[in-house]
Amino acid sequence: RCKNLSVSFWNSYWMLPSDVCGMNCFWEAAFRYDYVKTHPSEKMHLAVVACGERLEETVTMLRSAIIFSIKPLHFHIFAEDQLHESFKDILDEFPYEGKLNYTLYPITFPSESAAEWKKLFKPCASQRLFLPLILKNVDSLLYVDTDILFLRPVDDIWSFLGKFNSTQIAAMAPEHEEPRIGWYNRFARHPYYGATGINSGVMLMNMTRIRRKYFKNDMTPVRLQWGEILMPLLKKYKLNITWGDQDLLNIMFFHNPESLYVFPCQWNYRPDHCIYGSNCKAAEEEGIFILHGNRGVYHDDKQPTFRAVYEAIKNYSFGDDLVHSLLQPLEQELQKTMHTYCGRVYQVFIKQLTKSIRDLYARRSKGR
């Protein structure tokens, strides 16, 4: 239905109004409760790690989370010290009092091995491995990379916590759908999860379970807890890993496959899903739920389809009509990208976004 839609179609279809820790307690484990399916938290916790030139990208991700989400959000932002004031200035201006809270944290690693963790892959990337040990009072958490855009409410991916079985502690999407272009199955020199590995750019965690679990491993017959296993894994595999902390997670879940819930690909849709031809069938059917613009595609001209979505959300002003200020201009830009493989399936980039906007206006019309 979204194919070759025109501005006049949108106007007639919508008919909507325009107004519309300290490191001394780093390894402490002290939790007495688990995620309860029948009593989900009223607040959703989302974490991101930002370093270098990632301020604008991170803020755009946070904006996308705010636009559609229903339950309140708490952002846990781990950033270099020089970025803290800028984050505070921007977030304090967001017009959603009561819907969001945020906490800023410094980048911290265990003191005895900080240098090794900092130089693993990218300067701050490994911070995500320590979130269960730092955020000791957070039961469940959605971690995302800075280059993530939410095209439907965060509530929907948060609800997967209630679908975990008794052994599952985290959820991620496969690294590839098509093994012929997979990286892990062709090049990895270490164990990895499943047929093509997993991507850690979107990672939903029951952190209480993570802190409690004893993990099988290939270093010792004794099972190790999260805080005990990270450094031994790094020492064993540091000469064999390419993608840093993501590789370590792949190794961990290779040995503990029962602990992982696997998302369909539209929850972590990356350029690899379309640059060689469309290979995420779920997105073709339902649209993209979470867009992941890795490889810097939001900021160059290599994948203009991804950049168009990023620019549309970055430039959207809170309170403006989402149809006329975001959706219609975006579709016009996407139609200009049809010379690329991703552009040929540009409908998948707006299918879910269209539904999310329609659902948002429906909730507003009911006074929710």
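## Charges over rings

A charge sits over a ring if NZ of Lys or CZ of Arg is within 6 Å of the ring centre and within 35 degrees of the ring normal. Arg63 does this with Phe318: its charged end is 4.6 Å from the ring centre. Arg152 lies over the face of Phe289, at 4.3 Å from the ring centre.

## About the model

This model is predicted: local features need pLDDT of at least 70, side-chain atom pairs count only at pLDDT 80 or more, and totals for chains, interfaces and linings use all residues. Residues are numbered from 1 along each chain as its sequence is written, and side-chain values use heavy atoms, leaving out hydrogens and water.

## Aromatic pairs

The structure holds 21 aromatic pairs. Rings of Phe, Tyr and Trp (its six-membered ring) pair if their centres lie within 6.5 Å; planes under 30 degrees apart are stacked, over 60 edge-to-face, the rest tilted. Trp117 and Phe130 form an edge-to-face pair, with centres 5.1 Å apart and planes at 85 degrees.

Trp117 is buried, at 1% relative accessibility. Buried means under 20% relative accessible area, exposed over 50%, partly exposed in between (1.4 Å probe, protein chains only). Phe130 is buried too, with a relative accessible area of 1%. Elsewhere, ring pairs link Phe160, Phe164, Tyr261, Phe263, Trp267 and Phe289 into a cluster.

## Phe263 and its contacts

Phe263 also has contacts (heavy atoms within 4.5 Å). Setting aside neighbours within four places in sequence, Phe263 touches Ile157, Phe160, Ala171, Met172, Ala173, Pro174, Val202 and Leu204.
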